[in-house]
Amino acid sequence: MDTNLTKKVVTRFAPSPTGFVHVGNIRTALYAWAFAKKNNGTFILRIEDTDKAREVEGSIEHVIASLKWVGIEWNEGPDIGGPNAPYKQSERLDSYLKYAKILIDKGLAYSDPYTEEEVEVFRNKADEEKRPFLYRDHRPENPPIWDGKKPLRFKVANVKSYEWDDMVRGHLKAGPEALDDFILIKGDGYPTYNFAHIIDDLEMGVTHIMRGDEFISSTPKFLSLYDALEIKRPELVMLPPIMGSGGKKKLGKRDGAKDFLEYKNEGYLPEAMMNFLAFIGWNPGGDKEIITPAEFINLFDIKQIHISGGQFNEEKLDWINHEHLKLLPIDKQVEYISNYLPENIKKLPNYSSDKLKSITPIVLERIQNGKDLVEMVNNGDITYYFSQPTYLKDLLFFKSSKIPQDNKYEILSSYLTHTVSLLKEVSDSDFNKDNVKDKIWAYTDEVGRGDVLWPMRFALSGLDKSPDPFILAEILGKEETLNRLNNAIKILKI
RNA sequence: GGCCUUAUCGUCUAACGGUUAGGACAUCGGCUUUUCAAGCCGGUAAUCCGGGUUCGAUUCCCGGUAGGGUCACCA
């Protein structure tokens with residue numbers, strides 16, 4: 001039996017704590033997580049904090065909060081520990097030193113005698129001569145003993161073309177110029193990414209390395225290090241980039257990528273975000289667009305990861321979010337809306353949790369995300385459910401009635417009066433949108449449907465845009481409906 | 001510039017040599033209980049270009065073009 005097939009899958013997400021994470025980072029984490037979950041494997045969160053200059057305080061907490069929000073959980077990590085602890089590279093310096101010594105003993109690592117400035121001179125010279133800069137062209141003949149204060153460089157033993165197989169890209173290759181004596185351990189004692197991640201992945205038993213395709217170019221470096229250390233190559237999985245709007249450039253912080261948690265604040269559902277992110281760079285085939293996290297894990301397959309980048313399209317995210325909003329059980333929907341209602345609305349005279357529940361479906365169909373909901377609140381599109389519209393009194397909207405007569409207020413008033421008399425005949429318990437409609441339908445036919453319905457809707461909502469009057473009547477209830485109608489009649493008569 | 005790599009509607013994508021090139025978002029039009037939203041119905045819209053291979057290319061090969069990535073004591 002092939003041991004590779006039976007070997008437990010171990011993947012990891014390894015961000016550096018240099019500020020917030022964005023959708024690109026999370027998408028990478030998402031695939032690694034889904035792959036591990038699907039195979040009953042292990043997913044590790046590891047913090048690559050070897051660049052102390054770029055480190056931003058609070059980043060780790062932010063990464064953790066971001067992953068948790070979208071629903072990604074890990075089996076091992078800095079917050080929960082695990083068999084391969086610690087999970088912060090800054091706490092694993094002994095490991096790197098151990099392998100560095102092995103390389104030194106093998107004659108495959110040496111102390112870099114030059115200063116940064118001296119290396120820079122070499123680099124500039126190469127630039128001027130329009131040829132690629134390679135440190136190995138300047139490899140010192142008798143490097144000093146490494147004292148830990150100078151950079152330790154890897155010595156490329158045999159410069160050659162590397163070829164390898166990537167689970168997404170297939171067969172890849174790179175020329176010898178991709179290989180160089182790169183730095184293993186920096187002058188400050190911390191390892192570089194190139195070195196540290198290889199040691200960590202080895203010690204943590206990572207079987208599949210999933211990362212962005214910006215690492216294709218440096219893969220030969222990793223490969224040469226695996227060879228030097230006689231490590232079996234893990235599976236390599238290159239993920240396509242997420243492009244920023246315009247589609248011209250890989251999405252990154254510099255080009256306006258948002259803090260991932262902003263999407264949480266803007267009212268996107270985590271399962272909608274996961275759904276959307278999953279589909280940038282992967283597709284299960286077929287026409288299905290809306291999937292749950294469980295379905296995603298179930299469907300996920302590395303073979304269906306794309307090779308070319310995809311653009312982040314917020315309009316589609318909005319639509320997906322709306323679809324997921326519709327899928328939510330009613331109590332979750334109520335909770336969602338409630339979270340966006342300011343206190344002053346909750347203190348309105350007719351506010352109650354039952355009332356909130358009754359408006360939830362109709363509010364929900366009018367929004368795609370939290371931003372829309374906030375806008376509705378600000379526009380007064382919610383307030384009128386809980387209190388009499390106050391701006392009825394200026395007659396402004398009634399003025400715009402299409403009824404041409406000079407005495408249009410009287411006419412409108414008579415329509416409303418008749419509507420009231422009809423609605424009085426509907427009992428309290430039967431006062432729903434269908435019965436209300438049935439009751440006045442014939443009458444609206446008689447005098448002109450819009451001429452009756454339109455002032456009725458305005459009397460109930462106080463706004464020029466609102467749901468239809470029957471729904472409004474049902475939500476408001478018989479007493480309040482008649483109340484508002486009578487109120488409007490009173491005003492029209494002044 | 002060297003090296004690597006990519007290419008289907010505006011966008012996300014389906015197709016794994018044979019389809020009227022399908023779906024979704026967006027857009028446009030219509031319907032609906034005068035509005036708005038939702039919903040339903042319908043429309044516009046794509047295989048980058050040029051060569052091969054093949055009876056047949058979106059699909060395979062080569063070249064071009066355009067895009068992306070990378071060439072750090074960053075990851």
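Which residues does L277 touch, not counting residues up to four places away in sequence? The legends below take up this point and others in a predicted model.

Figure 1. L277 touches V23, I26, R27 and L30, with residues up to four places away in sequence left out of the count. L277 also belongs to the largest nonpolar core, which has 55 residues. Within this core, L30, A32, M273 and L277 are the residues that touch the most other members. Helix α2, spanning residues 23-38, gives the most to the core, with 10 residues. Another core lies apart from this one; it has 20 residues, including L412, Y415, I440 and F458.

**Figure 2. The overall form of chain A.** Chain A contains 20 helices and 11 strands. Its C-alpha atoms fill a box of roughly 105 × 55 × 40 Å along the principal axes. The radius of gyration is 33 Å, whereas a compact globule of 494 residues would have one near 23 Å. Of the 494 residues, 33% count as buried. Among contacts with a separation of 6 or more, 77% join residues 24 or more positions apart.

**Figure 3. The domains of chain A.** Domain 1 is made of two segments, 1-77 and 240-327. Domain 2 covers 328-387, and domain 3 covers 390-494. The centres of domain 1 and domain 3, taken over C-alpha atoms, are separated by 51 Å.

**Figure 4. The surface near RNA strand B.** There are 68 residues around RNA strand B, and those that come nearest are E48, G187, G310, G450 and W454. The elements that give two or more residues to this surface are α5 (116-128), β6 (170-174), β11 (310-311), α11 (314-327) and α19 (449-461). Helix α19 gives the most, with five residues. By residue type, the surface divides into 28 charged, 20 polar and 20 nonpolar residues.

**Figure 5. Helix α7 and its cover.** Helix α7 spans residues 219-229, and T219, P220, K221, F222, S224 and L225 are buried in it. The buried residues of α7 are covered by elements that include the strands β4 (152-154), β5 (162-166), β6 and β9 (235-239). Helix α6 (193-204) is also part of this cover. Just after α7, E230 takes a positive phi of about 55 degrees.

Definitions and conventions:
Residues numbered from 1 in each chain as written. Chains lettered and ligands numbered in written order. Predicted model: local features only at pLDDT ≥ 70, side-chain atom pairs only at ≥ 80, totals over all residues. Helix = DSSP H or I, 4+ residues; strand = E, 2+ residues; numbered from the N terminus. Rg over C-alpha atoms; globule rule 2.2 N^0.38 Å. Buried ≥ 20, exposed ≤ 12 C-beta atoms within 10 Å, placed from the backbone. Contact = placed C-beta atoms within 7 Å. Domains from an automatic or database assignment. Near = placed C-beta within 6 Å. Nonpolar A, V, L, I, M, F, W, Y, C, P; charged D, E, K, R; others polar. Core = buried A, V, L, I, M, F, W, Y, C linked by C-beta atoms within 7 Å.
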